[in-house]
Amino acid sequence: MKLLGIGSRINHSEYGFGVVTNVDSKHYWVTFQENGLETIALNDDFDIIEAVNQEVDSVSFYEVESSLRKILKQWSDVTEIVPIADKFKGGNLIIQPADTNLSSKEIAIDTFFHKVVMVRDRIRVMEQKINASKTLADQDKVDLQQYITRIYGSLTTFNVLFKLKSDHFVGAKSK
């Protein structure tokens, strides 16, 4: 299948006459005369009125950025920016001992949250290094992976601090 370039003119069975304004790996972004901007699949049903040759293999900046972010997240020791739940922003964590003669400890919840995120990221890096290890036997990798899953399970209490569910700790699922 030959890709149409930006500026190609088409007649779509549903949207009518339009001009291709962007191309990514799966879609044409077409500005239609009657319907405005729509994204249609590369293999969608349309007639080509005038084709402009695509000079290069088209990949959007977003796709490059997403791929690079995924690779860096998987293989680096860089801590990602993880948002804290709005209700805890700017708050304090107070640790109060049972003995009233002792003083309490107060720490900015943002600082505490950052430390929790660093722990999570370092566990992830350890997990990746275990999985990529050439010297560990497969059974040793499985055993260590089970310990890591239990560690994540022990840390699920801190999920309340995360704004996004996708950032949560996930341990072993109960059956």
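The questions below ask what lies behind each label, and the model they refer to is a predicted one.

Q: How many helices and strands does the protein chain have, and in which pattern do they follow each other?
A: The secondary structure comes to 3 helices and 7 strands. Along the sequence the pattern reads β-β-β-β-β-α-β-β-α-α.

Q: How much of the protein chain counts as buried?
A: Of its 175 residues, 26% count as buried.

Q: Why is the pair of tyrosine 15 and phenylalanine 32 called tilted?
A: Start with distance. Ring centres must lie within 6.5 Å to pair, and these two are 5.1 Å apart. Now take the angle. Planes under 30 degrees apart would be stacked, and planes over 60 would be edge-to-face. The planes here stand at 35°, so the pair is tilted.

Q: What makes tyrosine 15 and phenylalanine 32 a tie between separate parts?
A: Tyrosine 15 lies in the loop between strand 1 and strand 2, while phenylalanine 32 lies in strand 3. These parts are 17 residues apart in sequence, so the pair ties them together. Both residues are buried.

Q: What makes the pair of phenylalanine 113 and phenylalanine 162 edge-to-face?
A: The angle decides. The planes of phenylalanine 113 and phenylalanine 162 are 65° apart, and the cut-off is over 60. The centres are 5.1 Å apart, which is within the 6.5 Å needed for a pair. The pair links distant parts of the chain: phenylalanine 113 is in helix 2, phenylalanine 162 is in the segment after helix 3, and 49 residues separate them.

Q: How do you know whether phenylalanine 113 and phenylalanine 162 are buried or exposed?
A: Check each against the cut-off of under 20%. Phenylalanine 113 has 5% relative accessibility, so it counts as buried. Phenylalanine 162 has 4%, so it counts as buried too.

Q: Which aromatic cluster includes Phe113?
A: Phe113, Tyr152, Phe162 and Phe169 form one cluster. A search of the whole structure finds 6 aromatic pairs.

Q: Which residues touch the most other members of the largest nonpolar core?
A: They are Phe113, Phe162 and Phe169, in a core of 14 residues. Helix 2 and helix 3 are the elements that give two or more residues to this core. Helix 2 gives the largest share, 6 residues. Apart from this core lies another, of 11 residues, including Ile10 and Tyr15.

Q: How do you know that the length of helix 2 agrees with its residue count?
A: Compare two values. At 1.5 Å a residue, the 24 residues of helix 2 should span 34 Å. The end C-alpha atoms are 35 Å apart, which agrees.

Q: What makes arginine 150 a charge over a ring?
A: The charged end of arginine 150 sits over the ring of tyrosine 147, 5.1 Å from its centre. The distance limit is within 6 Å.

Q: Why is lysine 89 called partly exposed?
A: Its relative accessible area is 49%. Buried needs under 20%, and exposed needs over 50%. Lysine 89 falls in between, so it is partly exposed. Lysine 89 lies in the loop between helix 1 and strand 6.

Q: What joins the side chains of lysine 89 and aspartate 86?
A: A polar contact of 3.1 Å joins them. The cut-off is within 3.5 Å. Leaving out residues up to four places away in sequence, lysine 89 touches Ile84 and Asp110.

Q: How do you know whether serine 133 is buried or exposed?
A: Serine 133 has 16% relative accessibility, so it counts as buried. Serine 133 is placed in the loop between helix 2 and helix 3. A polar atom of its side chain lies 3.2 Å from the backbone nitrogen of threonine 135.

How values were computed:
Residues numbered from 1 in each chain as written. Predicted model: local features only at pLDDT ≥ 70, side-chain atom pairs only at ≥ 80, totals over all residues. Heavy atoms only, no water. Helix = DSSP H or I, 4+ residues; strand = E, 2+ residues; numbered from the N terminus. Buried < 20%, exposed > 50% of the residue type's maximum accessible area, 1.4 Å probe, protein only. Lys NZ or Arg CZ within 6 Å of the ring centre and 35° of its normal. Expected span 1.5 Å × (residues − 1). Contact = heavy atoms within 4.5 Å. Polar contact = N/O pair within 3.5 Å; in protein donor to acceptor, adjacent residues only side chain to side chain. Core = buried A, V, L, I, M, F, W, Y, C linked by side-chain atoms within 4.5 Å.
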